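Have a look at the structure first, then read on.

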Amino acid sequence: MENTSFISGRADVTVVTFTRNRPHLLDDTIKSVARQCCDHVAAHIILVDDCAETWRFLGKDLPDHVWPRMVPRADDETTGPRRVATLRDIGASLVKTRWMAYLDDDDEWLPNHLHTLLETAERTSAQAVHSWQQTLNRDGTPFLGRYFPWKRGIEAARAEYDRLLGLGMLQEGSNVFRHRVDREEGLGHVRYVDGGEWLLDAEMARRIGFACDFTDEDRANMIAEDDKFVTSLVDNDIPIACTEQATFIYRLGGFSNQFDSQGEPVMKGTSSVEEVSWR
């Protein structure tokens, strides 16, 4: 493959976003990708998860680099990590550039996100590069809670917060999550990276793929498809690097963290969030 500089201004990254029934958030995500500096974005593929309303929303004038595609659901497909894994694999199969990145429809990037990832990839020759994460509440304010919002139950959430605080991944009074991937397992090992933080060699991502099988234990421990992907990277000895810059903006409120500070589902019994299945 041609070994040209990643940071020369070439459009060498395809962004994949999957979305369902959240056009008000999707518009901000599309603008976030369009604001990326240095013309790195060759295409932004929008996978519409079987939603006519979102498809109609995307019928308006779109930038030339935005490519919408409807992805119907099978009868047995429901919202959850298995469906997300399927969409991630479909997106990867459509990528024609060397590099790809995922951005969910409720998240955003700072304008230099892809540029710093590409710089790090060039410097380290890593096939998988990630950033750090700024975490926001649903209303857009910084998340400063003294608990880890991806754990069920307040005791487990506070214990994980304290553990990560001790490991330097979190700092009191900051909403930055300094994600990392430790290869060796042990008492202080961490493997936390959100899907929206990654820049991935597209050929590698297609080869590794995303796990579509989830157990009751995965559900209990909130293990989603991006967690299993990190494990696959480690198991396949894929070189990984980090920019150590918090250029990814994550909004709480997805199916993996619909809990209040007591670890209870905040949307339980409402019609605004679909039933989530890990199967």
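Helices here are DSSP runs of H or I with at least four residues, strands are E runs of at least two, and both are numbered from the N terminus.)

A quick note on the source: this is a predicted model, where local features need pLDDT of at least 70, side-chain atom pairs count only at pLDDT 80 or more, and totals for chains, interfaces and linings use all residues. Residues are numbered from 1 along each chain as its sequence is written, and side-chain values use heavy atoms, leaving out hydrogens and water.

Which residues of helix 5 are buried? They are Ile154, Ala157, Glu160, Tyr161 and Leu164 (buried means under 20% relative accessible area, exposed over 50%, partly exposed in between, with a 1.4 Å probe and protein chains only). They cover an arc of only 130° around the axis, so they sit on the same side of helix 5; the arc is taken from the directions from the helix axis to the C-beta atoms.

The face turned away from that buried side carries exposed Glu155 and Gly166. After helix 5 comes Gly168, with a positive phi near 80°.

Four strands form an open sheet in the order 5-13-7-8, with mixed pairing (two strands pair if DSSP finds at least two bridges between them). Strand 5 (108–109) and strand 8 (176–177) are at the edges with a single partner strand each, so one side of each has no neighbour in the sheet.

Strand 7 (residues 133–136) pairs with strand 13 (residues 248–251) in the parallel sense, over four bridges. Thr135 has Tyr250 in strand 13 as its bridge partner.
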